[in-house]
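Good morning, and thank you for the time.

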Amino acid sequence: MSEIERRKKDHISLAVGDAARSTADSGFEKYRFEHNALPEIDFTDVDASTNFLGRKLKIPLIISALTGGSDREKINRNLAGVANDFGLGMAVGSQRIALEDRSFEDSFKIRRYAPNILLFANLGAVQLNYGYSAEECKRVADMIEADALVLHLNPLQEVFQVDGNVNFSGLLKKIEKICAALKYPIIVKEVGYGISASVAKQLQNAGVYATDVAGAGSVSWSGIESGRSGDIVVKSAADAFCGWGNPTVECIKSVAEIRKNMKIIASGGIKTGVDIAKSIALGADLCGSASDFLRKIMISHSDCENYAESLTLELKTAMFCTGCRNIHELKKAKLLKNE
Ligand SMILES: Cc1cc2nc3c(=O)[nH]c(=O)nc-3n(C[C@H](O)[C@H](O)[C@H](O)COP(=O)(O)O)c2cc1C
C-alpha cells in the first residue's frame, strides 16, 4: 500500500473519532434569527432550492471533499447516491492519488451514480510547488466531468503530516495562472482553519470564482496528524493547535464584506439546517458539510439519508419561521447576535 493510500485510510478512521474534533467554536451559536410568529406564508410553499454554476440544488448544500482512492472507495459512491437523491452537490477528495496511479481513477468517477449533480474536482494547491501545473489541474477536472476545480490550502496540516509538502511560497501567482489557463472555474478552500478576509481578497484578485472558508470549529487536522504520528515532539506540538483557526462565522462575515463577484461557500462545523440558514443570511451562496456526512455514511446509508432529510427540514423550518419564501429572501433575514 502506498503512503498516500495509507494516509487516506488513517484520515477516514481518525476523522470519525473524538481526537479529530477541534476545540474551537465555529460561531453559529453566537447568532439567532429573529423569530417571526406571523410569517404569512404557507410552509409547503417554502422553496430552499438554488442554482450554482448552472446546476440546480434542492438546498444550498454540497457534501464537501472527503475521499477517494482508498479501499473505502465505496464512500464516494454512497455519498454520491445521497447527493443525487436529495438534490445536493458534492466534491470529491484530493485526486492526487489518481494522478499518480490511474487504477484509483474509478473511485472518483461518480457521475454514473449522480449524472446531474453539482460536482467539484479537488487537488492540494501546494502541489503547484511540487511539479503540478495547469495540465494536472485539467486532468483531474476532466477525469470526473466536474463543474469546477477546488484547490485546497492546508498549511497547518502539511506541517504535521509525515513528509508534508511545506513550501507554500509563490502559490498565489500560480493559482492566478491556473485561473487564467483553465476553462473550469476555480474554487479555493481551506480544510478546517478558515480563509480570512485578507486571503480572500488576494484570491478574488487572482480570479478565483469562489472561496470555501472551511473555518475552524469542527475538524482538527493537528489532532488527526497527532494520532498518526509516532514522534513525541510532533504529537506534543500538534496538540497545541487543537483550537487553532478562524471560526467559520467570522470568516463568512469578513469575506462577505470584501467580496465583489466572488461566491462564498460556508463550511466548517455546519451541523444543522439552521446553521445553513445562518450562513446564507450572513452572506454565503452555498454551504458545505464533510465530517458529519462521513460519520453518518460510516454508520449506514439510511443514517446518511436521514441526515440529509433532516438538514432539509431544519432549513425549511428556519425559513418558514423567519417568513422567507426562498433563498433570495433568506439572504436578507434578520440575524441577531446573542449577548
Ligand atoms: C477525512 C477527511 C478528509 C478530507 N479530505 C479533504 C480533501 O482531500 N480535500 C479537501 O479540500 N478537503 C478535505 N477535507 C476537508 C473537508 O472538505 C472540510 O473542508 C472540513 O472537514 C470542514 O468541514 P466539516 O466541518 O463539515 O467537516 C477532509 C476532511 C476530512 C474529515
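**Pockets and a helix**

The largest pocket has a volume of about 850 Å³. A pocket here is an open set of points on a 1 Å grid over the protein atoms alone, where a 1.4 Å probe fits, with protein on both sides within 12 Å along at least five of seven lines; lining residues have an atom within 4 Å of a point. The volume is the space filled by probe spheres set on the points, which are joined across faces, edges and corners. Among the 47 lining residues, A65, L66, Q157, V191 and W221 are the closest to the centre of the largest pocket.

This is a predicted model: local features need pLDDT of at least 70, side-chain atom pairs count only at pLDDT 80 or more, and totals for chains, interfaces and linings use all residues. Residues are numbered from 1 along each chain as its sequence is written, and side-chain values use heavy atoms, with hydrogens and water left out.

Which element gives the largest share of the lining of the largest pocket? That is α1, with 7 residues; helices (H or I, at least four residues) and strands (E, at least two) are DSSP runs, numbered from the N terminus.

I turn to helix α13. Buried (under 20% relative accessible area, 1.4 Å probe, protein chains only) are C304, Y307, A308, L311, T312, L315, A318 and M319. Seen down the axis of α13, these buried residues fall within an arc of 135 degrees (directions from the axis to the C-beta atoms), so they line one face of the helix.

Note on methods
Buried < 20%, exposed > 50% of the residue type's maximum accessible area, 1.4 Å probe, protein only.
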